[in-house]
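Subject: Structure handover

Dear colleague,

Please find the structure below, with the sequence. My notes follow it.

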Number of protein chains: 2
Amino acid sequence: MADGRTGSGFSGDSLLFLTDEQLRQGIEAMFFAYRGFTADPDRILAELAYGRAHHRAIHFINRAPGTTVNNLLAILGVTKQSLNRVLRTLIADGLVESRVGKADKRERHLFLTEAGRELESKLSDAQRARMRAAYKEAGPEAVTGFRQVLEAMMDVDMRRAHSKLRDGTS
Amino acid sequence: MADGRTGSGFSGDSLLFLTDEQLRQGIEAMFFAYRGFTADPDRILAELAYGRAHHRAIHFINRAPGTTVNNLLAILGVTKQSLNRVLRTLIADGLVESRVGKADKRERHLFLTEAGRELESKLSDAQRARMRAAYKEAGPEAVTGFRQVLEAMMDVDMRRAHSKLRDGTS
DNA sequence: AGTTTAAGTCAGCCTTGTTGACATTCCAAG
DNA sequence: CTTGGAATGTCAACAAGGCTGACTTAAACT
């Protein structure tokens, strides 16, 4: 919007409308939107004395059941000490189960317990509800664009991790 | 991509394609993209022993020079104690200047110093470069959709704050 | 047998959120 | 004019969750 700068000659002209000011607005929108994005789960987690770190672990274990600790580490992008602290409380609280690997006994495979799945649903429902509402408000075309920009904003390795999760729940 | 579901007749049917699975993908995309979004500034900040909190403060002070602490508080959504700690170091390091209000001496008005503006540029340049690249890769139509969804995902008060920043730098 | 890999632990640090207590300033009601 | 409450900002102390580094245990590879 704003300056409708149409029909310039060259093909690189999709760049012309990207003023620094508009990029800044995109940056701020990302900041504010991310807050909204995490707000609902945060409220639920606060009651349980958990944090976002627990949410992330639960989310990805649910997404890829049986994943190993190392695998999770790569996805979450934290150190194993940091993850371990969170994982330990989740296992102690009976939300996550850790099974020794059959093929490779060094590995631990992670699963959600029934209670874990319950909390996952609760968190996920809240977050999806907001997502759904936003998608609905913006319309289907906007959603496609949204996903394209997000995808392009990731680091390459994350893009791989993301499409791996998308396709096969190996 | 995937299912190109074009030219539907009515507007309400935009809901049909929002399976839980697709919402989940959106959620994950948001998570991974936010990491990319902050990655470049984070690297710069790490060298200076600053964190994201410093970046946010610098960003919004630059955006609305002369803003009060209270104002900034509302935008950043943290407690004043938390902000104060960050602000103190920025002032001590000569990046931010705090002037006592003329009308109301309780208020402090915040400005970036020359050094502050310099760091702001450096951080902003990095972040904008990634944003610009993502926008370019996704195309102008996608950008519009991206912004629409983000806007719809914010809490209402943040939407107000955002458009206030967009329009007048009061 | 020796090396590498997966996982876990302990200790200690930093950033950045929180609450609680407190000083200063302003303003309005008595 | 004074006084008490509200607003603004500061200081202190604590917790979550990142980080690094050093180390152990067990299993797998070579």
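A:Ser98 is found in strand β2 (residues 96–100) of chain A; helices (H or I, at least four residues) and strands (E, at least two) are DSSP runs, numbered from the N terminus. With a relative accessible area of 33%, A:Ser98 is partly exposed. Here buried means under 20% relative accessible area, exposed over 50%, and partly exposed in between (1.4 Å probe, protein chains only). Leaving aside neighbours within four places in sequence, A:Ser98 is in contact with A:Ile91, A:Arg108, A:His109 and A:Leu110, where contact means heavy atoms within 4.5 Å. A:Thr68 is 30 residues from A:Ser98 in sequence, and their C-alpha atoms are 9.0 Å apart.

This is a predicted model, in which local features need pLDDT of at least 70 and side-chain atom pairs count only at pLDDT 80 or more, while totals for chains, interfaces and linings use all residues. Residues are numbered from 1 along each chain as its sequence is written, chains are lettered from A and ligands numbered from 1 in the order in which they are written, and side-chain values use heavy atoms, with hydrogens and water left out.

A:Arg117 sits in helix α5 (residues 114–138) of chain A. A:Arg117 is also partly exposed, at a relative accessible area of 38%. Not counting residues up to four places away in sequence, A:Arg117 touches A:Asn62 and A:Leu112.

A:His162, in helix α7 (residues 156–167) of chain A, is buried, with a relative accessible area of 0%. Its contacts, apart from neighbours within four places in sequence, are A:Arg147, A:Glu151, A:Met154, B:Gln25, B:Glu28, B:Ala29 and B:Phe32. A polar atom of the A:His162 side chain lies 3.4 Å from the backbone oxygen of B:Gln25.

Chain A and its copy

Chain A has seven helices and three strands, in the order α-α-β-α-α-β-β-α-α-α along the sequence. Of its 170 residues, 46% are buried. Among contacts in chain A between residues at least 6 apart in sequence, 51% join residues at least 24 apart. The accessible surface of chain A is about 8900 Å², and 52% of this belongs to carbon and sulfur atoms; accessible areas come from the Shrake-Rupley method with a 1.4 Å probe, and for residues only the protein chains shown count as cover.

How is chain A laid on chain B? A turn of 180° and a shift of 0.0 Å along the axis does this with an RMSD of 0.2 Å. The two copies are thus related as by a two-fold rotation axis. In chain A, the C-alpha nearest the axis belongs to A:Phe146, at 1.9 Å. Copies are superposed by least squares on the C-alpha atoms of residues with pLDDT of at least 70 in both. The copies meet through the same surface, because 98% of the interface residues of chain A are also interface residues in chain B.

DNA strand C

There are 24 residues around DNA strand C, the closest being A:Asn70, A:Lys80, A:Arg106, B:Arg52 and B:Arg56; a residue is near a molecule or strand if one of its heavy atoms lies within 4 Å of it. By class, this surface has four nonpolar, nine polar and 11 charged residues. Ala, Val, Leu, Ile, Met, Phe, Trp, Tyr, Cys and Pro count as nonpolar, Asp, Glu, Lys and Arg as charged, and the others, Gly among them, as polar. An N or O atom in the side chain of A:Lys80 is 2.4 Å from a base oxygen of DNA strand C. At B:Arg52, a polar backbone atom is 2.6 Å from a phosphate oxygen of DNA strand C.

DNA strand D

Around DNA strand D there are 25 residues, and A:Arg56, A:Thr79, B:Asn70, B:Lys80 and B:Asn84 come nearest. Sugar or phosphate accounts for 57% of the atoms of DNA strand D within 4 Å of the protein, and bases for the rest. A polar backbone atom of A:Thr79 is 2.6 Å from a phosphate oxygen of DNA strand D, and a polar side-chain atom of A:Gln81 is 2.7 Å from a base oxygen of DNA strand D.

Regards

Methods:
Polar contact = N/O pair within 3.5 Å; in protein donor to acceptor, adjacent residues only side chain to side chain.
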